[in-house]
Amino acid sequence: MPRLKFSLPIVVLLLLTHSLLAQNKKLQPHEILTGRSNAATQSFVIEAKKDQVISLEIKQNGIDIETKLFSPENSLLAESDNPFSEQDTERVFVIADETGNYRLEIKSKFPDEKGTFNLKLNDLHLATPNDFKRAEAEKLFSKAQILRTTGKTADRKAALQMFEQSLALWQEAKDEFGEIRTLINVSYLNRILGNNEKSAELANLILKSPNLPEYTTYKADALYQIAQTYSASSKMSKAIKTLEELLALYPNPAPEKSIPLATLAFYHQRFDDTEKAQSLYYQSFENIKKFPDIYSEAQARHQFALFNFDYNELEEAVKNFKLAGELRKKGGYIRGYAISMTFLAMTYQRMERFPESLELLEKAFQISVEFGDVTNQLDTLIYLARAYREAGNYQKALEMYQKAESLNGQTSNSLYLSLATTYLLMSNFTESRKNFELALALYRQKKDVGGESLTLFQYAALERAENNLDAAKAKIERSLKIVEDEQTSFRNSRQLTSFLVNRRGYFDLYIDVLMRLDEQRPNENFAFKALQASENARMRTLIWQLREALKNSPQSVDYQLFTQIQKNQQQLGEQLSQLAKAQSTPNKNANISEIENSIAELNKQNELLKAQLRKSNPNFANLAQPPTISLEQMQTELDDDAALVEYSLGEQRSYLWIVTKNNFQSFVLPKGNEIEAQARNFYETLIQSDNSSRVRPLDKKQETKQPPIKNFKEEAEKLSHMIRIEKLANLSAKRLIFVADGALNLIPFSSLTLSETNPTIIADKFETSQLPSLTTLQIIRQQNIKPFAPNSLAIIADPVFSMSDERLAKKRNKQNTVENDLAATLRDFSLTSIPRLPFSRIEAQKIADSLPNNSVLNLDFKASRERLLNGEFDGYDILHFATHGFLNNEHPELSGLVLSLVDEKGNQQNGFLRTQDLYLLKINPQMVVLSACQTGLGKQVENEGLIGLTRGFLANGTPRIISTLWKVDDSATAEFMSRFYRALLKENQVPSAALKTAQNELKAIPRYAHPRYWAGFVLTGEWR
């Protein structure tokens, strides 16, 4: 049989016909067809008679589709596009207006998605009167859905009207399913347009539906709207409970869970439960991996970026805002894209990347204008103004604020405040004062104490600028009082730390105003009041870290007692203020006896609570109510031969106070940023040549960029001159106690020169120690401090970090993984494993050999976290740790000491002793020695010292800590420690004297003469 031959045009025609036939598959009632994502539009045919109902359901499974139904005459009858969901069902419901073939087109919005859809044609039947109502309702519903998708405010309002019209038709047709679907949308739009009460009311109507169990998706949607309205009203515990009820509707994992998990994470974030929030975000991302959904991922990424932003993880915030924006843009959610870009710009502002911030904000503003989004227009204008202001373009900043004012129709309190601050920067004090007064009045009218505090702080800066120092003092004191009260709302030390950093200027300004008043009126003791303010500010982080530690402790009763004492103390202050006010009024009968009874009752409750806390946990009880220390008390805490040297670094000027047993002096220093820059220069000269095996850089930049070699003596003399070290040269004291600030916490004061003409350094003349504050010492001395006993030294050294360690050569059958927090810290240091420290064993052995009757070695597997936390080292006066110390500058709560990560049987174990673990130790050593890399350092928190391992041990009641400021050479460390312990335990020198002895002996050896070998060892706490 001859082979048939076709010309090319005929072949193409046949192929196209085949494709068309395949595309136009005829749908049968009740048949379910499964389709996949496709770049081409997919077509299907429905054969219907006039007045028959065409009812279609298209279930989306990880795919976002839009549908269109055409008449036999090819006119568009209906279209459907359910916004922001790739798991829901698209629906088409029309009445055939003529007999013939109706064409359904299905288009994938994102062809590269790997999802599917299930298409079902319901029973074709002649339309009833109610069906005609349903068809009209569905038509309105579909149009409203598409309008809702744009994100434009005007479109949303129009969509709301259409949904409400559709709702009335569903109700007339007695179609409960249609009614519930529409109520969800009406509830959503009411919430988005700001009517939270109406939104919650409608969502609760859905929950009352008798047949709701059949509609799980809509019950979930209703619960979600209710949760969001609770959140908008700051009822976070109710919002969390509602979302948990929603999540319980679905198995785990499930596609419907992605957004609720991310939203629940956001709620816990607002509720300050950091660990829970992070865990839920990760659960959401895992869920999205299993059920890809572009809208869910965009939402989750944006909210996680807010988490990063809240906790100052700025690089992560940038990454996640960018990803969220890209996903929203891809999904056509342009308004959402603009919001993500606005937040990205805010992040850039915090990183001082102002040009990038300006570019993004200008784009976001244009998008907001296009979409009629007044809220985001206001936000972007305010952030644009801030960017211009930070760039020094004050006139442009004013223009942005004024534009925001005209857009809003009125000036809000925040706009008044922004205008006032900008005028202040322009030295236009008249306009600045006018706007401060307006902002203050509005904040007070709204009872917004946070806004009032911020306004008073900035207003005080104006008073200082005009030299109205008494007025400045009154305003900043009121502002600080509000700050104190505001802190009670924080449940998480990480967020509190961020809060305190943002409030640094409050304390700087107060100290500066007091010191300027001292210059005007030196006989009124303002200089010492400034020192008191510095001391009070320094205690805050320690106390709040304790609260967090107690909260995480199994001994939850301690946390409850501690918190109640603080609440009572706050109420007591309020009652005392009321009493003073009542006693000063002419009508002295005004509730005075009632207030006095209340004060007496609060005092009685506090004494009982303190007694309970002291019995349960005496270390924490002493910190529940830190004292305000007087000059007499300071001088009482000092020995006859000791001097307190305290620094405060400020924006305009810095200060030094020197307190001795019989004298008090104060001095003005240069700007804080100038001192900090020189302190860092000096620090670099000390570490630039060190290559210790325990190297862990101060920050990641030092791993790749080494500073140029600088002259050590020259840098030391510069810093000594800036911070007035020459004022210490003629002190009769033999011991100096330094309370540093900012970058001065990095500095070994012992290596500074006493004057430009005298080459003598501090270590040659004085013993030295450091404290977070002198108030801390007063609290430390309430502990049971005693002399060191014989057989009192426990040495913990050379832990086992890896299964590849030769000490586990025969037990490599199990894989070792580091504990999560340690893994996170290692990632921050670009490390994947922890090297053994063989020299720590030599160091430990050398100490033990020199003190055979005083020390006990705990090496290898005995160097374990479990033994420490279980109290097995109780009874030892001194704990000596020779191991790795990681100080995580970005996340100080992940700092800690690394002990054995595997046990003697080859099983992995948690060996990371975190800073927060230290607060809960069941042991009370008299001293801890941290012979590890950079153990004295931590994250710098302005005006709060350094949060590090030393702070953790102090908080637990350890009165003395020896630590290191940088990566000290291993051989130098061994030599130093053997000399230190000899002086301390054999010659019975006090710790500060033993430290000086060891340092001077070490620097007398030519090999170790440079301060990098001996000056890095510092004593924190009790020097006796």
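Let's start with Phe 304. Is this residue buried or exposed? Phe 304 is buried, at 5% relative accessibility. Keep in mind that we are looking at a predicted model.

Now its partner. Phe 304 pairs with Tyr 282, edge-to-face. Where do the two sit? Tyr 282 is in helix 9, residues 274-290, and Phe 304 is in helix 10, residues 294-310. So the pair ties together parts that are 22 residues apart in sequence. Tyr 282 is partly exposed, with a relative accessible area of 44%.

Ring pairs join Tyr 281, Tyr 282, Phe 285, Phe 304 and Phe 307 in a cluster. The count for the structure is 20 aromatic pairs.

Arg 103 lies over the face of Phe 70, 4.5 Å from the ring centre. Lys 1003 does this with Trp 1014, at 5.9 Å.

On to salt bridges. How many does the structure hold? It holds 41. Take Glu 452 and Arg 478. Their closest N and O atoms are 3.7 Å apart. Glu 452 is in helix 18 and Arg 478 in helix 19, 26 residues apart. Glu 452 is buried, at 8% relative accessibility. Arg 478 is partly exposed, at 37%.

Another one: Glu 172 bridges to Lys 133, at 3.9 Å between the closest N and O atoms. That links helix 3 with helix 2, across 39 residues.

Last, a network. Salt bridges link Asp 639, Asp 641, Lys 734, Arg 735, Glu 767 and Arg 1024.

Definitions and conventions:
Residues are numbered from 1 along each chain as its sequence is written. This is a predicted model: local features need pLDDT of at least 70, side-chain atom pairs count only at pLDDT 80 or more; totals for chains, interfaces and linings use all residues. Side-chain values use heavy atoms; hydrogens and water are left out. Rings of Phe, Tyr and Trp (its six-membered ring) pair if their centres lie within 6.5 Å; planes under 30 degrees apart count as stacked, over 60 as edge-to-face and the rest as tilted. Helices (H or I, at least four residues) and strands (E, at least two) are DSSP runs, numbered from the N terminus. Buried means under 20% relative accessible area, exposed over 50%, partly exposed in between (1.4 Å probe, protein chains only). A charge sits over a ring if NZ of Lys or CZ of Arg is within 6 Å of the ring centre and within 35 degrees of the ring normal. A salt bridge is a side-chain nitrogen of Lys or Arg within 4 Å of a carboxyl oxygen of Asp or Glu.
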